[in-house]
Each structure stands twice: as C-alpha cells, then as structure tokens.
Amino acid sequence: MRDPVLYPFYADISSLPGVGPKIRPLLVRLLGGERVLDLLLHLPTGWIDRRLRSSIAEAPLGEVVTLRVFVNEVKPSRGKWPSRIGVSDANDELSLVYFRAQPQWLQKTFRPGSEILVSGLLQEHEGGRQILHPDHVAPVDGSGHLPEIEPIYPLTAGVTSRMVSRFVAAALARLQPMDEWIDPHLRRERGWPGFLEALSHLHQPATFDPQLRDLSRERLAYDEALAREIAIARARMGRLRRPAPFLPRALGVERLIVEALPYRPTRAQTSAFGDVSADLASLAPMRRLIQGDVGSGKTLIAALAAAQAAAAGYLTVVMSPTEVLARQQADAYSRILAPAGFRCAAFTGRDRGAAREDLLRRVRAGDLQLLSGTQALFQSGVDLPGLGLVVIDEQHRFGVADRVRLSGKGGSPHMLVMSATPIPRTLALALHGDLDVSIVAEKPANRQDVSTAVAPDTRIDEVMAAVGRATDRGERAFWICPAVDSEEAGDASAALRCERLAGVIGQSVGLVHGRMPPAERDAALERFRSGESRALVATTVIEVGVDVPEATIIVIERAEKFGLAQLHQLRGRVGRGDKASSCLLLYHPPLSEAGRERLDILRRSNDGFEIAEADFRLRGAGDVLGLRQSGAPEFRILNLANDVRLLEIARKDAASILNGDPELAGARGRAAAHVRELFAPAIATVIADGSEEA
C-alpha cells in the first residue's frame, strides 16, 4: 500500500486548477508523464532576477531589469511605426516599445501620470534607452503580479512559463510534511535543505540566492542517486537469496586450454578470470562485467568461464548483437575450447527447419557445451536445459529486458557481460551499479598498436592511390563513411565512395551498411574476410566484432563527425594480425580547434581508457561512449558530468540503511522507501535481473 503522504505526488495533473482537456496533453508531452510528480520534477533551468533597480541610470544595459517609473505620454502606432510609451524616474527617461499593441489595452495600462513597475530587457536605441515588449507591467499598489525571482522552464508550444509556475504553485500547496531519509550528519555536512524545501526554493524562490539554488538542486540529485542505489542494493539482496548453479574451478581443464594457446595470458586476463571463477564457484548468481579495450583478450576470459561451466555439466550461451559476430564468436570459442574436448555452435535467425531442430536436439542431449547466438535465442520455442552461464558480448547493445529474457531461459544462471567500449572510471559506478566490474587494462603481447595519422580530405585522391598500392601487395583495407547515400553525406557517402574506390584501385570493393538485408551484409563481409574483395567500404555497422587479421589499413572519412570512442572502436578493426597497421582520419576542412584537439587525442593515444576520459572531459556524459544506447540509466536531475560523486556517497548510505533495516520497516527505512518510490521511473532500467519488486 502506498503511504498517503505520497498521494498528492501521484495525482493526475488534470486535478490541478487550470489543467483542462486542452492543456493536459500539452503538459504530458512537455513533462514526459501525467502525474503531479512529473510536474514537480520538471525543474527550472535558471532564474530571472526581477528585483527592483534603484534608477534608470544605474540599470545595466543588456540585462533584464525591473524599474519603478511614471508614465509621461503614450504615442499609439502609426502605419509601420510601433507604439511608444514615454516613462521616467526622478532623473532619466525611458521608452517602452510595442508592435501591434491593442489601443484599448495601452490606454488602460498606461495612464499618463500613473506610477508603474516595468520589467524587461533594457537596450540602447538612438542614443536613448528602451525596453521592447516588456515582460511584465504592473501597478505599484501590488494589484498586479510581478515576481522578484522568476523561474525559467523548458517549454513546449501552447505552454508558457507563467502557466507552469501557476500549476507548480497549486501542486506545492497540496504537499504534506515528510520524514527525512538522508542521514542527518550528511545533510548538515553538505548544507542541504529538506526535500520539500528544495522543491519550493527551486520553483518559488523567495530570494535570489544562487548558493541555495545549487544546494537545492544537489539535494534532489542526491535523492535520485539514493533511490537508485537502494533499488540496486535490494535487487542484489534478492538475487543473492536465489541459488545458482555451483560451478567449481576446473584446474585440469583450464590448464589444457591455456597450455594450447599460442601466447601466455596477461596478468590482467588472469586477474579478471580469477574474479569470474570465484563468482562461478559461489552459490549466488554472478553478475560481472569484463570491461576491456579493443584486443585486450576478453574472449579468452569468457572461454575459460565457459570451460568451468562445461566441466560441471552446464551449458554456456553467448549473446552477440549481430549474426556475423555470433558466427565469428562460435569459431573463436571452438578454437579455444577444442583442447578440452568441448564443442561449440552458432545459433542465429539463419538456422531454420531441420538445421535449427538439430542444433536444439544437440543442446538437449548435452552434445554442445556452448551456443553462440543472436536474439534468435530469445524465441519462445528455444529451450536451453542445463543453462549455467550467460555471456553478453558488447553489452551496451542490449537493454535490461534482453538480459532478463535470456537469463530467464535457465532459472538463475550466472551472467558475464563484456564491453570493448572503455568507460571513464568516473562513470563506471553510474553505469554498472548492478554489476561487479573487472577491468582488463592490458593487451596481449601479440597485439600491435595502430599508427594513426590525420589529414584533410583534399588529399583523398592521394589516399585512394595509397590504398590501391597496399591492396596490390595483398593487404586489405577498410574505408569508413559517415552515411550510406549522398543526401546524408554528400560526396562522402558509402555508395559513391565504393564506386569511386573500385575505379581507382581496379579491384573488387565490397560495400556494407545497416540498410542491407543481413544475409547480403554477411556475404559481403565473408568476401572481404576470404580476400575475394581486398577493400571494404562501410558505415559504422562494422564498429564492433568484425575480425579480419589480414586488414592492415582503415580510412575514416569525415572523422570529425564521429565521437572519440567510436573512432577508437573503428580503429580496432585493424592491427589484429602480425603486420603493422595504420589508421587515417580524414577531416573536411576547415577543422575547428575543438575538432583538432579531439582528433589529436586519438592520433597520440591507443589507450581506450585514456581516450574515454578525454571524450568525457570534452563532451560530457550525454554523448560520450554511446551512453545513449539501450540499457544506460536516464536521470531526471542527476548530471553524470558533475554528480558522479553523489552516487558514490549514496551507495554507502543505501548500504547503511539496508544493513540495519533490510525490509525498510523502521522510521528511516520507511522514509527511504518514499524516495525510492518517488524516483522509481528513473531507476527502473538499472535492475538487471528483475529481482526487485515493481
């Protein structure tokens, strides 16, 4: 049962005075919700200072000012000329200018000899001062409303700032006092106001106090962080209560696999697998992320985990975002696991009829120890008996619902998610609060760095000729374009570039993009992998998972249009063999200073974590590293660029609350349940295994 103190928050916005059938849909569109809570969390982006200025002479030009003046004369508009109202204080004059103002309104509002308050942007015009279309005009007797501090809201057509302020005032008047959920020592230390006080100050500031404004916003951001961390902690507690398959470490099998490798695992790989192996041998379902740069050897870690599961008699399923990658992964796992006698197969949408049934029969018979597949694994007719381990590759390509559906195929299997997209260390907590994290920050000795150069696309003929010479020597080259056709990318479109490059190098050139049917795309990739085509023109569809060791060159056209992390991922398509490899970033001049700095970072560094930190610093959290992809948390108030520290504090605070009151039944626990419920929409996406109740 919901506590009655929360009822006003969950009332429909139509219950507020003035929100009728015409305004309600506009508000819903603006707020992204239909509850009073959605309105209250629609915070102002800033304030306008409308406090009274001492005189016209001292009011600063170019700013919004509020002045107390006398009306001297009213000059109605004539033809194309606007209406002008002459006003003054004791020493100076000012003009108020209106275009197409109604004469009756002018006469009623501006009576010569009357004293008024006027507020608007003060400008200089022909040697004098004027306010064009003042925001507010009110009599000095207080009968008109002129706020000293006016909130600025994000708006939509048909909804004004004054309307939002009026609705918010009605909503705030309905709220009841609430118990505090923040630790009192923390609140005193940070100087935070109470929850309702913070809402009131942001929406209805009594004074122009930027410090209190910032503290109020930070207080609400912390509330959102605490709600999230409580939800994550309770989900983890629920998960730990469910038994998982017991998969003890199989040292003999592990030794067979490692000794057959053509290289020795790095210390980072060994350490990360140690974390995974310990999780698998526990009785609680593992939820671990392996985060490593391109080519850091994450597949070996997952393969050793699969071997540990297979040795205990359990099946491993590997989930990949594309059919090409699923089949490629099946081959890679087969090579690694073969010395231990374990068998792997691919399962994708291409497998139909008898082939599909044969694969599923082999799974049921225990003939296969690993199945590498795409979303075809989610199909209702796909049973996975004995599922002990789920591996999610390129986890940012999948939403939470995908993880839940796949893990639901086997009760409480262990789950290992992997990402080749390095995330700034400052953001790891924010993105992976529901996962334990192991970082693989070291590359195998056989993995080469890729030399990177930057050049203008005015040299494109020279570049294509160089690519032609390389393919004549038997090398293979990627050429990346920002879009498929000329409407989106002009002469840098993939279709035009493929045609032109084929004419220059005189060889078969493949083309791959996201609009192609999957079978056609797979066939083009296979021709490139086999060497039938020596060059491949593509969009970012090949950003992850395409492994062609013979590819030694990648040209990325209009590189300034891509994010740093995406460029780094694309660069990772080369340097996978034993030959020196290179990446050329072509930009379209002129290049801005910011663009030059971004490309220079990539030119200097092959370290994905360093690049991620730079991308975060330059662009903030909203765009960096594809955080807008599915599964990433969305916050109403919390700003990942500035508030990550709040998440760290909230995690400790949530643990403190739940350690003493796991059922949230005590006084502070009940208050904490309030904040979790208030911010529930913002935390729904972080529960990765569905163990948290709705």
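Predicted model: local features only at pLDDT ≥ 70, side-chain atom pairs only at ≥ 80, totals over all residues.

Biologist: At what angle do the axes of α9 and α11 cross, and how close do they come?
Modeller: Roughly 145°, and the axes come within 9 Å. Helix α9 covers residues 251-259.

Biologist: Which residues make that contact?
Modeller: From α9, Val-253, Glu-254, Ile-257 and Val-258. From α11, Leu-304, Ala-307 and Ala-311.

Biologist: And by class, what is in the contact of α9 with α11?
Modeller: Six nonpolar residues, no polar ones and one charged.

Biologist: Stay with α11. How do its axis and that of α12 cross?
Modeller: At roughly 65°, with the axes coming within 10 Å. The crossing of α11 past α12 is right-handed.

Biologist: Which residues of α11 and α12 meet?
Modeller: On the α11 side, Thr-299, Leu-300, Ala-302, Ala-303, Ala-306 and Ala-307. On the α12 side, Gln-329, Tyr-333, Ile-336 and Leu-337.

Biologist: Switching to pockets. How much space lies in the largest one?
Modeller: About 1000 Å³.

Biologist: How many residues line the largest pocket, and which lie nearest its centre?
Modeller: The lining has 36 residues. Nearest the centre are Thr-299, Ala-332, Arg-447, Asp-547 and Arg-576. Thr-299 is one of the α11 residues that meet α12.

Biologist: Which helix gives the largest share of that lining?
Modeller: Helix α12, with six residues. Both α11 (298-311) and α12 (323-337) supply at least two lining residues each.

Biologist: What is the class make-up of the lining?
Modeller: There are 16 nonpolar residues, eleven polar and nine charged.

Biologist: Another helix pair, then. What about α8 and α24?
Modeller: Helix α8 spans residues 210-240 and helix α24 spans 667-678. Their axes come within 8 Å and cross at roughly 105°. Angles of 65 to 115 degrees count as roughly perpendicular, so α8 and α24 are roughly perpendicular to each other.

Biologist: Which residues make the contact there?
Modeller: Helix α8 brings Asp-223, Leu-226, Ala-227, Ile-230, Ala-231 and Arg-234. Helix α24 brings Ala-672, Val-675 and Arg-676. In the contact of α8 with α24, six residues are nonpolar, none polar and three charged.

Biologist: Now the backbone. Where is there a cis peptide bond?
Modeller: Between Pro-589 and Pro-590, with omega about 0°. Pro-590 sits in the loop between β21 (582-587) and α21 (593-604).

Biologist: Which non-glycine residue has a positive phi?
Modeller: Glu-126, with phi at about 50°.

Biologist: Where does Glu-126 lie?
Modeller: In the loop between β5 (115-125) and β6 (128-132).

How values were computed:
Residues numbered from 1 in each chain as written. Heavy atoms only, no water. 1 Å grid on protein atoms, 1.4 Å probe; cavity = no way out; pocket = protein on both sides within 12 Å on 5 of 7 lines; lining within 4 Å. Points joined across faces, edges and corners; volume = space filled by probe spheres on them. Helix = DSSP H or I, 4+ residues; strand = E, 2+ residues; numbered from the N terminus. Nonpolar A, V, L, I, M, F, W, Y, C, P; charged D, E, K, R; others polar. Axes fitted to C-alpha atoms, helices over the stretch in contact; angles between N-to-C directions. Parallel < 35°, antiparallel > 145°, perpendicular 65-115°, else oblique. Contact = heavy atoms within 4.5 Å. Left-handed = near helix turned anticlockwise from the far one by under 90°.
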